[in-house]
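Visitor: I would like to learn how to read a few local features in a model. Please show me the general idea, then the case at hand.

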Amino acid sequence: MAADSLSGNNRATPARERLVRNNLDRAASPYLRQHRDNPVHWQVWGPEALAAAQALDKPILLSVGYAACHWCHVMAHESFENPEIAAVMNELFVNIKVDREERPDIDAIYMNALHLLGEQGGWPLTMFLTPKGEPFWGGTYFPSEPRYGRPGFVEVLRKVSEAYHQNRAAIAQNVKMLVGGLRNLAKPQSRDRLALSNDVLDQVAAQLLTHVDPEHGGIGGAPKFPQVGLFDLLWRSYLRTGRTDYAEAVINTITRMAQGGIYDHLGGGFARYSTDAEWLAPHFEKMLYDNAQLLSHMALIDAELDNPLLRQRIFETVGWVLREMVAQKDGAAGGGFAATQDADSEGEEGKFYVWRKPEIEALLGPEEAALFCAAYDVTDAGNWEHKTILRRSLAPELRDEATEARLAAAREKLFAARETRIKPGWDDKVLADWNGLMIAALADLAMQYERPDWLQAAERAYGFVTATMTVGDKLGHSWRDDQLVFPGLLDDYANMMRAALALFEATGQPDYLAQAGRWGEVLESDYADTVNGGYFFTAKEAESLVARTRSAADNATPAGNGTLVGVFARLWYLTGEVVWRERAQNLLDAFASEVARNFFPMGAYLNGFDLFNNAVQIAIIGQRGEANTEALVSAAYKVSLPNRIVAVTPPDAALPETHPANGKTQVNGAPTAYVCVGPTCGLPVTSPGELIAALKATRAV
């Protein structure tokens, strides 16, 4: 296996020679390979491409996107496949293509630069850089001809090139402002440290509730994203305070999503976001990370409500993951999970997913079609661009059992027919951070729903990452076609540590706990910010970029620094080793001021503090594999308890000295559980029913 450094793997060639061809045929990334036949002389990011730009004194056009991105495809078709536009690009710029999923470190830097320019951001990201990689101007999608209030791309290219060559002073001023701003972003934005407490969590939840759409759910208006971390925070606040308006906001949001067009009602899985306020029209791309987070979120709510709709969506979505999102290695299922499914097929957005009413009538017959069309908002006129996106959000309540069975049979027929269509593209690279999210979700769901096959899938994916994507104890970030992008990033460690701990609690296998600890030590040696606290996004051995980012702000995925608060807290509770408590506290201190400044991107961090401050420790004294012990372990997962920590200890072993149940024993030689909050444990229980009751008693509802 080739381990490519984050600086790329292109062979040395003279500057002009390397720039006269498109070099993306050497890339492993499916997104980059989509562009290998463009007439643009694309280069892979790396020191040689930058050296060529410096040798020729040409500015760099940096284009960042990802395989499932609809507007990336639009710009590619309009501009990058156009020989005339490509000729201008090749004449005036060194053109570099980056897959944001393969190189999120590069994407983060230049997206932040765009934000510093006052732009909202998005993909495709189009940035203009000096030959040294310093940003001086940029945007997102540029049309090939002037429209949407935006200039045509060729006009932009010529003006940027002219400015670079004829107005170096202005370019230098922009570079100074942007690079200085990027470096400042890695520093604390305020020295006013907020004292975190349950009261602060409650205040954040109360403010957050005012931003929730009371009709359709979600935050604000269009476009709408799942924002799972924030709705997890609201749910946690409901369990802690008993405020039913928090629960209602969460339940309404996930129900509207689960019955909306953002959900694939035939194949399972959620698209990335909705372009409208009512969850009707997505951009259709499906991302592993969204579905991992939504699975965990739905399971938390279902554990409380015993909700048939959410349980159906969980089983369907896991079915989609295991059916369509397992990557291949050496021609067979490798165990690791693939990254994304595309929005487009046959050059058209959503073509694979949408329907016309006559198609459905022909497949189902008049009686079943009438039932199905009424349930799924199928009309002659369509609900989106004269076609229909299937949804049930207009009447989201489930029907009676017989009617739901008929609808399920209809869905099976339509799914089989849809399988004959040309499928959207599949980005089968394996990303360690996104796999960590899905592994942790599947491990927890396997215990909650008693699905050993889901646990096996989680363990296979974990095994793939540890066997294929590591060098020693150090993680890589992305794998495809036997090429590993190395070293890994902060989020890879944070999410894989969370996955290891979830597997440890589910199985009791000590290797998972030990590996989480070893990864934690790599973080401390290679990623720690010893001045300001927290961790940098990139390793100290990684390629030197114009800035080294450090943040606890969530994006579409939870921030590594935020996730690590909960991971370190969990390690502290499971091992009793004080170093993990100290590291969790150091992270909390490092970013506490950000909560007062803007709590919206701090969901993972705040939820990590909730675990740190309000853990519910379940100590089970018994032997793993023994039926009564496993019954107690299973019961521990049957309650909506996001701060649950499960530790199973054989009768002849001891819990850590710091554990409040240290020294507790079995009752009459039977497997026994103790539920502990803070330094206090409840009375011993020996039956699953008693344990469930004891766990519910730790909450306000």
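Visitor: Is D377 buried or exposed?

Guide: Buried means under 20% relative accessible area, exposed means over 50%, and partly exposed is in between, with a 1.4 Å probe and protein chains only. D377 has 14% relative accessibility, so it counts as buried. This is a predicted model: local features need pLDDT of at least 70, side-chain atom pairs count only at pLDDT 80 or more, and totals for chains, interfaces and linings use all residues. Residues are numbered from 1 along each chain as its sequence is written, and side-chain values use heavy atoms, with hydrogens and water left out.

Visitor: What is the phi of D377?

Guide: Most residues other than glycine have a negative phi, and most peptide bonds are trans. D377 has a positive phi, near 60 degrees. D377 sits in the loop between α15 (366-375) and α16 (401-418). Helices (H or I, at least four residues) and strands (E, at least two) are DSSP runs, numbered from the N terminus. E385 lies in the loop between α15 and α16. E385 is not a glycine, yet its phi is positive, about 50 degrees. At 51% relative accessibility, E385 counts as exposed.

Visitor: Which peptide bonds are cis?

Guide: The bond from A222 to P223 is cis, with omega near -10 degrees. P223 is in the loop between α9 (198-209) and α10 (228-241). The bond from F486 to P487 is cis too, with omega near 0 degrees. P487 is in the loop between β16 (483-486) and α19.

Visitor: How many disulfides are there?

Guide: A disulfide is a pair of cysteine sulfur atoms within 2.5 Å. A search of the whole structure gives two. C69 and C72 form one, with sulfur atoms 2.3 Å apart. The S-S torsion of C69 and C72 is about 80 degrees, so this disulfide is right-handed. Both C69 and C72 are buried. C676 and C681 form a disulfide with sulfur atoms 2.1 Å apart. The link of C676 and C681 is right-handed, with 95 degrees about the S-S bond. C676 is buried at a relative accessible area of 0%, and C681 is buried at 17%.

Visitor: What is the volume of the second largest pocket?

Guide: Rolling a probe the size of a water molecule over the atoms shows where empty space is left. On a 1 Å grid over the protein atoms alone, a cavity is a set of points where a 1.4 Å probe fits but cannot get out; a pocket is an open set with protein on both sides within 12 Å along at least five of seven lines; lining residues have an atom within 4 Å of a point. Grid points are joined across faces, edges and corners, and a volume is the space filled by probe spheres set on the points. The second largest pocket has about 280 Å³. Its lining has 17 residues, with F504, A647, V648, T649 and P650 closest to the centre. The largest share of that lining, four residues, comes from β18.

Visitor: How many cavities are there of 30 Å³ or more?

Guide: The count is four. The second largest cavity holds about 150 Å³ of space. It is lined by 18 residues, and G261, Y263, D264, F284 and Y353 lie nearest its centre.

Visitor: What is the mean pLDDT of the chain?

Guide: pLDDT is the predictor's confidence in each residue, from 0 to 100. The chain has a mean of 95, and 96% of its residues reach 70 or more. Residues 7-12 have pLDDT below 50. Where pLDDT is low, the predicted coordinates should not be read in detail.

Technical notes:
Contact means heavy atoms within 4.5 Å.
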